[in-house]
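Here are my notes on the model. Please read them with the structure open.

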Amino acid sequence: MNALMLASDITRRPVVTLGGEAVAQVKDVVFDGHAGQVSGFTLSGRGLFSGPLRQALPWEAVTSLGPHAVMIRDETAFESRDEVADSAEAAHGNVLGARVLTDTGTDLGHVTDVVIEVTTAQALVAGYEITPAKALSHHGRTAFIPLVRTIAVSGEALVVPAAVAEFMTGDLPSLEKAIPEFRSRMSGREA
């Protein structure tokens, strides 16, 4: 089963054991920018005044990521926050606010969220929610762009293939349909 979801929709989702006990909630999604996938989650405690936990949840320990909860076998799945978060941060996993430029120099806008494609085996970065640039027809509305692989990522800009602009959509269901067509078109172009 594949499903697209926004990274921001995963935050605050409860982390529940297969025994039914809610043991934490997702504080942030941790990305491995080089691998283009989710490497895990930082956690906070359950309840109104709960703060961040020193432990984190690596993706390998997630048994499923559903629309209402992140499921794990039990609390032994947690690891040190440093082991989950620091390696991804070193790989420049934070792209929120980054400018999106095509390889032909067109400004597509700024990243406002990350679209994650969740399968039974992994959670991959499938695209971005962006605030489109003023020059685009989508200006003023949220837009979504597919991603096979970024050409370059820095602290300021993502450089994507120019064909991304042709597959820009206005909602997630449309993006889900556009991704296979975009990937088919791009196959053979990216090394």
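1. Start with Arg-99. This residue is partly exposed, with a relative accessible area of 38%; the class lies between buried, under 20%, and exposed, over 50% (1.4 Å probe, protein chains only). Arg-99 forms a salt bridge with Asp-107, and their closest N and O atoms are 3.4 Å apart. A salt bridge here is a side-chain nitrogen of Lys or Arg within 4 Å of a carboxyl oxygen of Asp or Glu. Asp-107 is partly exposed too, at 24% relative accessibility.

2. A word on the basis. This is a predicted model, in which local features need pLDDT of at least 70 and side-chain atom pairs count only at pLDDT 80 or more, while totals for chains, interfaces and linings use all residues. Residues are numbered from 1 along each chain as its sequence is written, and side-chain values use heavy atoms, with hydrogens and water left out.

3. The other salt bridges. The structure holds four salt bridges. One of them joins Arg-185 to Glu-166, at 2.4 Å from N to O. Arg-185 sits in helix H3 and Glu-166 in the loop between S14 and H3, so this pair ties together parts that are 19 residues apart in sequence. Arg-185 is partly exposed at 33%, and Glu-166 is exposed at 53% relative accessibility. Lys-27 and Asp-28 also meet through their side chains, at 3.5 Å from N to O. Lys-27 is partly exposed at 38% relative accessibility; Asp-28 is partly exposed at 37%.

4. Helix H3. It covers residues 172–186, 15 residues in total, and reaches 20 Å from its first C-alpha to its last. That is close to the 21 Å expected at 1.5 Å a residue, where the expected span is 1.5 Å times one less than the number of residues. Helices (H or I, at least four residues) and strands (E, at least two) are DSSP runs, numbered from the N terminus. H3 bends by about 30° at Ala-178, and Pro-180 follows within four residues. The bend is the angle between axes fitted to the seven residues ending at a residue and the seven starting there.

5. What does H3 pack against? Its buried residues pack against strands S1 (3–6), S10 (107–118), S11 (123–132) and S12 (143–146). Contact means heavy atoms within 4.5 Å. The buried residues of H3 are Leu-172, Leu-175, Ala-178, Ile-179, Phe-182 and Met-186.

6. Aromatic pairs. The count comes to two. Phe-167 and Phe-182 form an edge-to-face pair, 5.2 Å centre to centre with 65° between the planes. Rings of Phe, Tyr and Trp (its six-membered ring) pair if their centres lie within 6.5 Å; planes under 30 degrees apart count as stacked, over 60 as edge-to-face and the rest as tilted. Phe-167 is buried at 8% relative accessibility, and Phe-182 is buried at 1%.

7. Thr-42. This residue is found in strand S4 (residues 37–44). Thr-42 is buried, at 4% relative accessibility. Leaving aside neighbours within four places in sequence, the contacts of Thr-42 include Lys-27, Asp-28 and Arg-81.

8. The cores. A nonpolar core is a set of buried Ala, Val, Leu, Ile, Met, Phe, Trp, Tyr and Cys residues joined through side-chain atoms within 4.5 Å. The largest has 45 residues, of which Val-15, Phe-41, Leu-57, Ile-116, Tyr-128 and Ile-130 touch the most other members. Another core, of eight residues, lies apart from it, with Val-115, Ala-126, Phe-144 and Ile-179 among them.
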